Amino acid sequence: YSGKYKVAIINDCQLMAHEAANALLKVLEEPSSHSLIILITSSPRSLLPTVYSRCEEIRFEPHLRSQLLGYLKDLELNQTQAEFLADFSNGRLGLARRLKENNSFKEIKMKLEQFNKVLKSDINERFNFAEKTLKDEEGKNLNTLLLYWMFYLRSDLSRNLKINRAKVLRSLLEINQILSKPQYNHRLAFENFLINL
């Protein structure tokens, strides 16, 4: 309260409703000389063009693997766990820390094994997997599953897979968009994704 500048940080600003973005636009058009508004997003182009055009974009690159390993060793991880998180998080320090804090190793391993199993399965097994996954807690685990699959495909851990990783990643991003909207048939979309793996 006693500082010269007032700072506002809006995390995940791409999730703002259209009305909120328009309200923010009015502030951005005539900012106070002693204010700083920081919009944080992983997809800046998803902001309203009028909001984006009034902002200065600053990119934060992922950490180097060696830096991440050093940090993860300070979190009392063994060498194997630290290397896995460094690779899986793709240089994202916050993600690696959250996964460590939540002790997500077993969950990640299970979901990656599911991915590899689905790749080798026939169409009927893929339909059964889709049905079972969507029944579990009404599909709440599906978002985590797809997110872990995306991290896996982006990392070097999946470099030996005999699939077009870029194509599957694009499909994962598309299915993620569909699953965020209630008007779509989630089961049909997920089954379609699995068929086209």
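The second largest pocket of this predicted model holds about 330 Å³ of space, a pocket being an open set of points on a 1 Å grid over the protein atoms alone where a 1.4 Å probe fits, with protein on both sides within 12 Å along at least five of seven lines, and a volume being the space filled by probe spheres set on the points, which are joined across faces, edges and corners. Its lining comprises 15 residues, of which Q114, F129, K132, T133 and D136 lie nearest the centre; lining residues have an atom within 4 Å of a point. Two or more residues each come from α6 (105–120), α7 (123–135) and α8, and the largest share, six residues, is given by α7; helices (H or I, at least four residues) and strands (E, at least two) are DSSP runs, numbered from the N terminus.

For the largest pocket, the space amounts to about 2,300 Å³, and of the 47 residues in its lining, I40, T41, S42, S43 and P44 lie nearest the centre. The elements that give two or more residues to this lining are β2 (35–39), α5 (93–101), α8 (140–154) and α9 (165–179).

Residues are numbered from 1 along each chain as its sequence is written. Local features need pLDDT of at least 70 and side-chain atom pairs count only at pLDDT 80 or more, whereas totals for chains, interfaces and linings use all residues, and side-chain values use heavy atoms, with hydrogens and water left out.
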